[in-house]
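Please view the sequence and the model together before reading the points below.

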Amino acid sequence: MMLALAACTKEVKPEEAISSVGPMPLDYKAQIIANAKSNYFDPYSIRSAEISKPVPAKNELYGKYAWVVCVKANAKNRFGAYVGQQLDGYVFQDGKITQKSGHPETYCDGKPFEAFPELESIK
């Protein structure tokens, strides 16, 4: 089960994060796609998807370092309507998604995003 990462966080230098949680996850896109299949009501309806590069961050409450990847996507809800582009933050430790951030804007505001067509093409 994914837990929300506390809002009390700060961005850290990549070398500081690497020494604490290991290298940046290389397959982060594939993991997010696999996760989307179980976390979106209708993952096949995803459109307008965007993704950031992994950002190292520290959770001040627990003192743990992690990589955070931000994703924006629009998908249908249970009523069949699109809900508008929503922001999610995926927390990676030891190369795997461990949590979904409860406050992704903490990490994601001002970060550059790029198109994420792979998320729009879930089969």
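The accessible surface of the chain comes to about 6,800 Å², and carbon and sulfur atoms contribute 53% of that area; such areas come from the Shrake-Rupley method with a 1.4 Å probe, and for residues only the protein chains shown count as cover. The model is predicted, so local features need pLDDT of at least 70 and side-chain atom pairs count only at pLDDT 80 or more, while totals for chains, interfaces and linings use all residues. Residues are numbered from 1 along each chain as its sequence is written, and side-chain values use heavy atoms, with hydrogens and water left out.

**Overall architecture**

- The chain holds four helices and seven strands, where helices (H or I, at least four residues) and strands (E, at least two) are DSSP runs numbered from the N terminus.
- Read from the N terminus, the order of elements is β-α-α-β-β-β-β-β-α-β-α.
- Among contacts (heavy atoms within 4.5 Å) with a separation of 6 or more, 68% link residues 24 or more positions apart.

**Nonpolar cores**

- A nonpolar core is a set of buried Ala, Val, Leu, Ile, Met, Phe, Trp, Tyr and Cys residues joined through side-chain atoms within 4.5 Å.
- The largest such core has 19 residues, and I32, I46, F92, F116 and L119 have the most contacts inside it.
- Two or more residues of this core come from each of α2 (28–39), β2, β4 (64–76) and β5 (86–93), with β4 giving the largest share, five residues.
- A second, separate core has seven residues, including A57, V68, Y107 and C108.
- Leaving aside residues up to four places away in sequence, I46 touches A36, Y40, A73, N74, A75, L119, E120 and I122.

**A buried loop residue**

- S52 lies in the loop between β2 (42–51) and β3 (55–59).
- S52 counts as buried because its relative accessibility is 2%.
- Beyond residues up to four places away in sequence, S52 touches Y28, V69, C70, P112 and F113.

**Charges over rings**

- A charge sits over a ring if NZ of Lys or CZ of Arg is within 6 Å of the ring centre and within 35 degrees of the ring normal.
- R47 lies over the face of Y82, at 3.5 Å from the ring centre.
- The charged end of K72 is placed over the ring of F113, 4.2 Å from its centre.

Conventions
Buried means under 20% relative accessible area, exposed over 50%, partly exposed in between (1.4 Å probe, protein chains only).
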